[in-house]
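Please keep the sequence and the structure in view while reading.

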Amino acid sequence: MKAAYLLGTRSLEIREVPEVPLGHGEVRIRIEAALTCGTDLKVWRRGHHARMLTPPCRFGHELAGVIVGKGPGISDWRTGDRVVAANSAPCGGCRPCQRGQHQLCEDLLFLNGAYAESIVVPERIVRTNLHRIPDGLDFRAAAMAEPLACVLLGGEELGVEPGDRILVLGSGPIGLLAAVVLRSLGARITVAGRGAHRLGVAQSLGVEDVIPVPVDGDLGVVLAHAKALGGFDAVFEAVGQPQAWEAAVQAVRPGGRVNWFGGCPSGTSVRLDTAWIHYGALSLRASFHHTPAMFRKALGLLGAGTIPVDSFVTAEAPLADLPRVFEELDRGGAALKTLIRCGR
Ligand SMILES: [Zn+2]
Ligand SMILES: [Zn+2]
């Protein structure tokens, strides 16, 4: 079977590899849909991921497919079941897990390898984070459960009051998904980001205001907008750069809330005005990843048709073209998420 391998910085290869035998509690999924993700692009550029990936390794983490093989001890699943496997599973026993913060599990098990004809899902993920696809939901939409689960957790941790004016910083798939989710909770949304096409998508999704950010990433125009407004009630930061983290704090009103959702390059730091944080009584927090509960919720929302998947998955390509797809994403091509067709 064919599988994509990340070899290092900006280096991908499609290899023919043997199917490994299934161990206890494992299932094999034939992958029907794998989606590109901003995290994958970041990892491709950097050549590794501190917590998830050390090359050479399998690549891709948003997938949906069909169970085609069962290891010993599997009784709840049948061959032919349509499923989504999350890209992680918590241990359930450590301190964060015991407190319900499964995304912070001290032994979080990650799964990568979505860009392939098939994948073996480890026992712990089968037990805690493998989900049946609701009837009527296609594989492509089901594979959106992973990014949506992250955004749902981020939205919950930001907190939304009806009538809130919320700034979403960043117009990538995560920013636009956050805009949809926060808007559905009753907020009025402003999206600030680069790319006329992406801001057009934001408007088509019902976002009330958009602010084009210049190519050099200068956020002065966003801060001027925030000032004219007296500050946003909350900011959902989905850029993952220190200057965006700093701007997020400057863009809220006194009493405002910030969620630094985008992960910045490791080793970077930010400068914050302590007086503003103190006298402004700001609430600052960050969100990371997702939990099995959020994953289930995400799949439910997708099944209910509340997420306009067509606005997000805007291109498709065969597995063989994956290296080219990442080069295009790197150049800032028009596609938000690309469906990688993995079938023979
Ligand atoms: Zn993702
Ligand atoms: Zn744990």
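Valine 258 stands opposite leucine 284, a residue of strand 16. The model in which this pair is seen is a predicted one. The pair belongs to a region where strand 15 (residues 252–260) and strand 16 run in the parallel sense and are paired over four bridges.

**The parallel sheet**

In general, the strands of a sheet pair through backbone hydrogen bonds, either parallel or antiparallel. Here, six strands make up an open sheet with parallel pairing, and their order across the sheet is 13-12-11-14-15-16. At the edges lie strand 13 (209–212) and strand 16 (283–286), each of which pairs on one side only. On average, neighbouring strands of this sheet are turned by 15° against each other, with direction ignored.

Helices accompany this sheet. Helix 6 (residues 173–184) lies across strand 11 (165–169), strand 12 (188–193) and strand 14 (232–237), and its direction is at about 170° to strand 12. Helix 8 (residues 220–229) also packs on the sheet, where it touches strand 11, strand 12, strand 13 and strand 14. The direction of helix 8 makes about 145° with that of strand 13.

Helix 9 (residues 242–250) has the buried residues Ala244, Trp245, Ala247, Ala248 and Val249. The cover over these buried residues includes strand 11, helix 8, strand 14, strand 15 and strand 16.

**Strand pairs compared**

| Strand pair | Sense | Bridges | One facing pair |
|---|---|---|---|
| Strand 3 (residues 27–35) and strand 5 (residues 63–70) | antiparallel | seven | valine 27 and lysine 70 |
| Strand 5 and strand 6 (residues 82–85) | antiparallel | two | glycine 65 and valine 83 |
| Strand 15 (residues 252–260) and strand 16 | parallel | four | valine 258 and leucine 284 |

**Two packed helices**

Two packed helices are described by the angle between their axes and the distance between the axes. For helix 1 (residues 38–46) and helix 12 (residues 322–330), the angle is about 95° and the axes are 10 Å apart. Helix 1 is therefore roughly perpendicular to helix 12. Helix 1 contributes Leu41, Trp44 and Arg45 to the contact, while helix 12 contributes Phe326, Leu329 and Asp330. By class, four residues of this contact are nonpolar, none is polar and two are charged.

**A buried residue in a loop**

Is leucine 108 buried or exposed? Leucine 108 counts as buried because it has 20 C-beta neighbours inside 10 Å, and a residue is called buried if 20 or more lie within that distance. Leucine 108 is placed in the loop between helix 2 (95–98) and strand 8 (109–110). Apart from neighbours within four places in sequence, leucine 108 is in contact with Ser88 and Pro90. Glycine 343 is 235 residues away from leucine 108 along the chain, and 30 Å separate the C-alpha atoms of the two.

**The two domains**

The protein chain is divided into domain 1, which covers 2–144 + 312–341, and domain 2, which covers 150–286. Taken over C-alpha atoms, the centres of domain 1 and domain 2 are separated by 28 Å. Where the domains meet, eight residues of domain 1 are in contact with ten residues of domain 2. The side of domain 1 that touches domain 2 has, by class, four nonpolar, three polar and one charged residues.

Terms used
Residues are numbered from 1 along each chain as its sequence is written. Chains are lettered from A and ligands numbered from 1 in the order in which they are written. This is a predicted model: local features need pLDDT of at least 70, side-chain atom pairs count only at pLDDT 80 or more; totals for chains, interfaces and linings use all residues. Two strands pair if DSSP finds at least two bridges between them. Axes are lines fitted to C-alpha atoms, for helices over the stretch in contact, and angles run from 0 to 180 degrees between N-to-C directions. Two residues are in contact if their C-beta atoms, placed from the backbone, lie within 7 Å. Angles under 35 degrees count as roughly parallel, over 145 as roughly antiparallel, 65 to 115 as roughly perpendicular and the rest as oblique. Ala, Val, Leu, Ile, Met, Phe, Trp, Tyr, Cys and Pro count as nonpolar, Asp, Glu, Lys and Arg as charged, and the others, Gly among them, as polar. Domain bounds come from an automatic or database domain assignment. A residue is buried if 20 or more other C-beta atoms lie within 10 Å of its own, exposed if 12 or fewer, and partly exposed in between; C-beta atoms are placed from the backbone.
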